[in-house]
Amino acid sequence: MSKKPGLTVLAGPTAVGKGTVSTYIRDNYPEVWLSVSATTRAPRPGEVDGVHYFFKSKEEFEQLIADGELLEWAVVHGQNTYGTLKSTVDKAIAEGRSVLLEIDLQGARQVKAAVPDAQFVFLAPPTWDEMVRRLVGRGTETPEEQQRRLETAKLELAAEPEFDHTVINDDVRRAADELVSLMGLTPHPHLPEPSAR
Ligand SMILES: Nc1nc2c(ncn2[C@@H]2O[C@H](COP(=O)(O)OP(=O)(O)O)[C@@H](O)[C@H]2O)c(=O)[nH]1
Ligand SMILES: Nc1ncnc2c1ncn2[C@@H]1O[C@H](COP(=O)(O)OP(=O)(O)O)[C@@H](O)[C@H]1O
């Protein structure tokens, strides 16, 4: 039996499809609130502050940490810093919404320490080779960066037993259905095909 938590954390290795599955849920399940993270990463074309991320300078991010405004934060892939704003999560939970955090493993461990009754879901690839295909196929990293992410992925895959549940992302709609069921919601029938990110 799954709990019916206010807060669900989704983590998993690089390119498994965390962003794809969580965006699909955000777009098709208005009852779910997908947390918008703060990041020091520069916005990409088309990204909107407050919608995709809250874009912060390094100084602003350090201030958020110093002020205790973050539920968790981490330097991800040795590059940019990402974190979850406590106030936005608290507000969504107070409004009775089901909250979904899509964060990395380091962040998931911090949430586990801070909110032990949250639910932790590991998104796993059908196979290692399929995960590599997705990473390469996405084409957003250089071959060197891909190699680095695959090294990290080995460590991330080893952390699966720390999670309450594993969902295999073989198919986006099926994985999303399983995740919303774990969140205590009823999957919607006849949802649209996911669009490419
Ligand atoms: N700890 C933590 N990780 C996050 C947060 N937001 C996003 N991430 C992770 O940061 C990584 C984003 O990496 P990348 O693939 O470059 O995606 P992008 O920056 O969203 O385009 C993913 O592993 C996310 O799970 C957050 O608030 N906290
Ligand atoms: N179930 C799936 N089947 C096939 N391709 C997928 C699936 N889920 C995601 N992808 C593709 O895999 C790539 C990585 O997905 P993404 O959501 O960016 O991963 P993550 O956020 O975990 O790094 C993208 O090109 C995406 O379109």
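Residues are numbered from 1 along each chain as its sequence is written, while chains are lettered from A and ligands numbered from 1 in the order in which they are written. As the model is predicted, local features need pLDDT of at least 70 and side-chain atom pairs count only at pLDDT 80 or more, whereas totals for chains, interfaces and linings use all residues. The mean pLDDT (the predictor's confidence in each residue, from 0 to 100) of the protein chain is 94, and 95% of its residues reach 70 or more. The scores of the model are ipTM 0.96 and pTM 0.94.

Five strands form an open sheet with parallel pairing, in the order β2-β7-β1-β8-β9. Strands here are DSSP runs of E with at least two residues and helices are runs of H or I with at least four, both numbered from the N terminus; two strands pair if DSSP finds at least two bridges between them. At the edges, β2 (32-34) and β9 (165-168) each pair on one side only. Direction ignored, neighbouring strands of this sheet are turned by 25° against each other on average. Strands β1 (residues 7-11) and β7 (residues 98-102) run parallel and are joined by four bridges; leucine 10 has glutamate 102 in β7 as its bridge partner.

Helix α4 lies across β1, β7 and β8 (119-124), at about 155° to β1, and α7 (residues 172-182) lies across β1, β8 and β9, at about 160° to β9. Contact means C-beta atoms, placed from the backbone, within 7 Å; axes are lines fitted to C-alpha atoms, for helices over the stretch in contact, with angles from 0 to 180 degrees between N-to-C directions. Helix α4 also holds glutamine 106, which counts as partly exposed because 16 C-beta neighbours lie inside 10 Å (buried means 20 or more other C-beta atoms within 10 Å, exposed 12 or fewer, and partly exposed in between, with C-beta atoms placed from the backbone).

Technical notes
Two residues are in contact if their C-beta atoms, placed from the backbone, lie within 7 Å.
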